[in-house]
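This report covers a helix pair and a sheet in one predicted model. The sequence and structure come next.

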Amino acid sequence: SSGINAEWPLRPGIFGGDIKSHFLIFGDNEHEAHADLMAVFRKVSKGSAGKLVHVYVNSGKADNGRILEFFGIKKEDGQVTRIIQLGEGVDKYAPDFTDLTEENLAKFASDYLSGNLKKHLNSEEIPEDWDALPVKVLVGKNFEAVAFDETKDVLVEFYAPWCGHCKQLTPIWDELGEKYKDHESIVIAKMDSTANEVADVTVKGFPTLKFFPKESGKKVVDYSGGRTLEDFVAFLDGDHDAEAEDDKADEDDADHDEL
C-alpha cells in the first residue's frame, strides 16, 4: 500500500486489508512544516510499501480527538509518529526520537519490520493519593505491583471516562470498595483504560472486569457474573471457581459493554 491514507481510521476498509501494520504520523495541517513532513513521509513510505499501511492523522481536526486519546497523544505534542499492529487488540510502538527526519522514520520502520521494537504501553503518572480511598486507582506504572500482589485477591474495573455503563457501575463499585476497605486480602480497584495499558490484559469493551487471584502466579480471570453489589460480594466471599468463571467469560457475549 504505497501513498498516504489521510483519513485513518475513517476510510472504509482500512482495517480490513491484508496489511495489519500501520505506520502513523500525527500532525496539524496548519503547521508551517506540514508540507515538508508530508514530503518526507511520502518518500519513506516507498521503502516499506506493501509491508506497512502509511497513514497521516490531522491532530488539528476535532473529529480525531478520540484517536489522539487512544494513543495518549495531545495536539500540543506537535508532530508525532507511532506504528501499530492490529491483532486481537492493537499493539502500539513508539519511537525513541522526536525529530521526524527521513533517516529516523526509515529506521523506525525497518526496526519494526525486523522485530527490534518493544511494545509501547500508555501510562499516567501514579497519583499521590492512589490508595487514599477504598477503591484503589491503578495506572500502567503501578498496575503490576497491585494487581499481581501474590498476597491479595484483586478485582479491577477497566473503564473509560465517557462510558455510560461505567458511570452506572460507579456507585456500586464505590460501595464494594467501602465493604472491603479493611479486608486483609481483598482489594477493589479501577483503571482508566483510555490512558493506561498493561501487557497482560486485553480490554475490548467497557467496563471490563477482571479478577487477579492471590497465589496464582499472575493468573487473570475474566469476571462475567452479575453486576449488583450482592453478585460481587457472593463472588468475592464465596469459594469462586476461577476456571469456571474464565470459561463462562469466553462464551459470554457481554452485551452490556461498550466498545
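In which hand of crossing does α5 pass α6? The crossing is right-handed; that is, the near helix is turned clockwise from the far one by less than a right angle.

## Basis

The model is predicted: local features need pLDDT of at least 70, side-chain atom pairs count only at pLDDT 80 or more, and totals for chains, interfaces and linings use all residues. Numbering starts from 1 along each chain as its sequence is written, and side-chain values use heavy atoms, without hydrogens and water.

## Helices α5 and α6

From α5, L169, I172, W173, E175, L176, K179 and Y180 meet L229, F232, V233, L236 and D237 of α6 (heavy atoms within 4.5 Å). The contact residues comprise 9 nonpolar, no polar and 3 charged (Asp, Glu, Lys and Arg count as charged; Ala, Val, Leu, Ile, Met, Phe, Trp, Tyr, Cys and Pro as nonpolar; the others, Gly among them, as polar).

## The sheet

An open, mixed sheet holds 5 strands (E runs of at least two residues) in the order β5-β7-β6-β8-β9. Pairing requires at least two DSSP bridges between strands. At the edges, β5 (135-138) and β9 (221-222) each pair on one side only.

Strand β8 (residues 208-212) runs antiparallel to β9, joined by 2 bridges. K210 stands opposite D222 in β9. Helix α4 (residues 140-147) packs on the sheet and touches β5, β6 (153-159), β7 (186-192) and β8; the direction of α4 makes about 130° with that of β5.

How values were computed. Helix = DSSP H or I, 4+ residues; strand = E, 2+ residues; numbered from the N terminus. Axes fitted to C-alpha atoms, helices over the stretch in contact; angles between N-to-C directions.
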